[in-house]
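Q: I would like to go through a model with you, one chain at a time. Could you keep the answers plain?

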Amino acid sequence: MNSNLSDPAFWSRFQFGFTLTYHYLFPQLTMGLAWFLVYWKWRALKTGDEKYNDAVRFWAKIFGLNFAVGVVTGIPMEFQFGTNWAGFSRYAGGVIGQTLAMEGMFAFFLESAFVGALIWGEKRLGPRHHFLAAVGVALGSWLSGYFILVTNAFMQHPVGYKVEADGLLGISSLSLYLLNPWAWVEFAHNQMAALVTGSFVVTAVGAFYALRQVHSNQSRLYLRAGTCAGLIASLLVAFPTGDQQAKMVGRHQPVSLAAMEGKFQGGSLAGVAMIGQPNVAARRLENPIEVPGALSFLAYGTFQSYVHGLDEYPVDAWPDNVELLYYSFHLMITLGSIFIVLMAYANFQSWRGRLQSSTWLLWVLMLAFPFPYIANTVGWMTAELGRQPWLAYGLFHTRDGYSKVVSNGNTIFTLIGFIGLYFVLGLLFLFLIGREIAHGPDEEAAIDSRAEVITAGAKEQLA
Amino acid sequence: MIATWYVIVSLMLIIYVVLDGRNFGAGMLHAVVAKTPEERRQVIAAIGPLWSWHEVWLVGFGGTLVAVFPKLMASAFAGYYLALFLILWCLILRGVSIEVGGHINDRLWQAYWDFVFVFSNFLLAVLFGAAAGNVARGVPLDANGDFSMAFFTNFSVRGQVGLLDWYTVSVAIFAFVLLAAHGGTYLVLKTEGPVHDRSATYARYLWLAVVPLFGAISLESWVVRPDLPGRAIYNPLCWLGLLVVIASTTTLISGLRTGRELRAFLASNFLLAGLLITGGAAIFPVMLYSTLSPQDSLTAYAVAASHKSLLIASIWWPIGFALATTYFVFISRRYAGKVSVKRDNQGFY
């Protein structure tokens, strides 16, 4: 990143990066958790077992808080396209505006029409419609993800556009634009990553209750669903989706791939660095420990494949912060690998029936939930830093995109405002979520509905 | 084609104002019509589950604006920079206060969030009013179609204007009273008991106050933009808007008189819509008027996206709108009738 502190583009990037990174902490859980709610609601309909409804009621509260923060932090994102990136909006608005508008029309309306019903409306809706509300919310949140990722995919790999007479972009084919191959791969990769976050959070709460020996029925439910979905999602996020994403970068943004890997010199039998620190001035990776040939194989399919190095490109075509890009990518890969191992082991213990009793594993699962958030964040940093110095890859430079009429004074003012507001919002969110989790799921509903058939003694046991 | 899209984008904004306007209004009246904690929960429950659904119309509007009028979006959003962020921050506070206020059953906690709720709704009504005033008055657009505006300059309506001047402040006051009356009418429809009775009293007085303010605003607008009426009388949509205003005013009066709450509230919605239709039609085709030199004003024709982009948007937009309407019918049916705190509240402890 060009960190010249009087550069307006820097401050607009800083603000957008900050508000977007913060915002995305919430939708990734929304998108991950939504399908857990659908699953439990469906099980409740099928089996009539109240424990599933108890789980939905509890998680719907967490979902609701998380959704609300996601909505309020998301609305500024849409407007910042115009406020801070007027140059880009003027240039590409005719194309990216299509998906920004479609996200509103097709996804947000669906999602927010039903989210109130999902959280507050169980008594008004009845079980079947309540289930449908859960499906509506889940579909809406994933659809919204798709439209936004199409927008991002256009910035990564522009397709379906044409340059109009006035030099601005217009859309030439909606289907090409919406079915951008980059968007499909990115969507699959990103949604699996959101599921990883959802699974780890559900698992962590299950582990927390198991360790405290409270809510044992609910705890078992969360651990089972969380670890099972967690393993599947952790595997899918690496293969095939992450793998395909890397190949896509290798094909269309070879210079970004070189920077992600800290490859200053090109060559065949290129290795993947497990450890190493890039020294951009000296153009080398220091203290590297490499797996030879792995990069050639992963990016292009054979060990002999030639991988381009940064040296083959002029410096002004390099991503403008090679170091941060390198670390983001490596952190993502490392965390992703750990997730697979952890979830595989948890499932193995679960299969042997020993998950509830392996105290140290429960501790690890309980404490692991922040790491998918980190992995998602650094994954997005990899995508966005790797795209630099372009705003729309190969078409439009980031330095041309910011709003010329907005002074640094204004941008820094709003940035400070966002930092203050979001800090308070974060404290509030953690406090309330912590309180909900400490309170735990209400299992009284279950007791009430069975009260006719069970004796007072059994009632005490359940409680 | 471009005129059609002007109508569509205006329609989305009108729907947003009508839907979220009731929340701003009810949110402001919250301070005076609800006296006990239970009564306050009643007001929140009347807004409760649907506020985010109303708010996404603003997002839908913003997104559609980028798609069909990208150059306007670029110019206006960058120019209104600080005002827009103030609105966004108030929207954040408003949403958060609804969501978290209900989570803890504690006097202090709820008192605090009730205050934030009222305050942010008040600011939103005033800011949106000032924004509407700015659109009517114009902004200091230069020949490149750019402008940047301070909060205030010398409170005059010509030349290098600021966000606030005597005209935009009066529109803000008008919006405040109008939305409070709208929200009051909504609370009458949705609540029972003392909140209902107090809301009815407030709504009556507020609607009475709207009448002289409306006269004043019309006169002021004529002073600020003497060029508008001459063009507006040839625009049929302007007449349609006025017709809607007159019809809904009559209905509103009869609804309030006879205590037909649904009729009064529907009329209130149409009254707001009618006012906005008249205003939107009167300024067309100019979307941003330049107070520096009128020939630099941005018209819908100058800021529209390419013909192909508009054509493509005309294919999917009606589908999206039809779906949104379907959800609206479904949700409105489910939430018809008075709210009950017991049934519609979040379970707090």
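Q: What radius of gyration does chain B have, and what would a compact globule with 349 residues have?
A: This is a predicted model, in which local features need pLDDT of at least 70 and side-chain atom pairs count only at pLDDT 80 or more, while totals for chains, interfaces and linings use all residues. Residues are numbered from 1 along each chain as its sequence is written, chains are lettered from A and ligands numbered from 1 in the order in which they are written, and side-chain values use heavy atoms, with hydrogens and water left out. Chain B has a radius of gyration of 20 Å, which agrees with the value near 20 Å for a compact globule with 349 residues. The radius is taken over C-alpha atoms, and the globule rule is 2.2 Å times the number of residues to the power 0.38.

Q: What box do the C-alpha atoms of chain B fill?
A: Along the principal axes, the box is roughly 60 × 45 × 40 Å.

Q: How many helices and strands are in chain B?
A: Chain B has 14 helices and 2 strands. Helices (H or I, at least four residues) and strands (E, at least two) are DSSP runs, numbered from the N terminus.

Q: What share of chain B is buried?
A: Buried residues are 59% of the 349 in chain B. Buried means under 20% relative accessible area, exposed over 50%, and partly exposed in between, with a 1.4 Å probe and protein chains only.

Q: And the contacts in chain B, what share join residues at least 24 apart?
A: That share is 76%, counted among contacts between residues at least 6 apart in sequence. A contact means heavy atoms within 4.5 Å.

Q: Turning to chain A, how many helices and strands are there?
A: Chain A has 16 helices and 8 strands.

Q: What share of chain A is buried?
A: Of the 463 residues in chain A, 60% are buried. Among the contacts of chain A with a separation of 6 or more, 75% are between residues 24 or more positions apart.

Q: What span does helix 2 of chain A have?
A: Helix 2 of chain A, residues 27-47, has 21 residues and reaches 30 Å from its first C-alpha to its last, close to the 30 Å expected at 1.5 Å a residue. The expected span is 1.5 Å times one less than the number of residues.

Q: What follows helix 2 of chain A?
A: G48(A) follows helix 2, and the phi of G48(A) is positive, near 70°.

Q: Which residues other than glycine have a positive phi?
A: Among them are H215(A), with phi near 45°, and R283(A), with phi near 55°. H215(A) lies in the loop between helix 7 (181-212) and helix 8 (216-252) of chain A. R283(A) is in the loop between strand 4 (272-279) and strand 5 (284-291) of chain A.

Q: Is R283(A) buried, partly exposed or exposed?
A: R283(A) is partly exposed, because its relative accessible area is 32%.

Q: Which residues does a cis peptide bond join in chain B?
A: A cis bond joins F284(B) and P285(B), with omega about 5°. P285(B) is in the loop between helix 11 (261-283) and strand 1 (286-288) of chain B.
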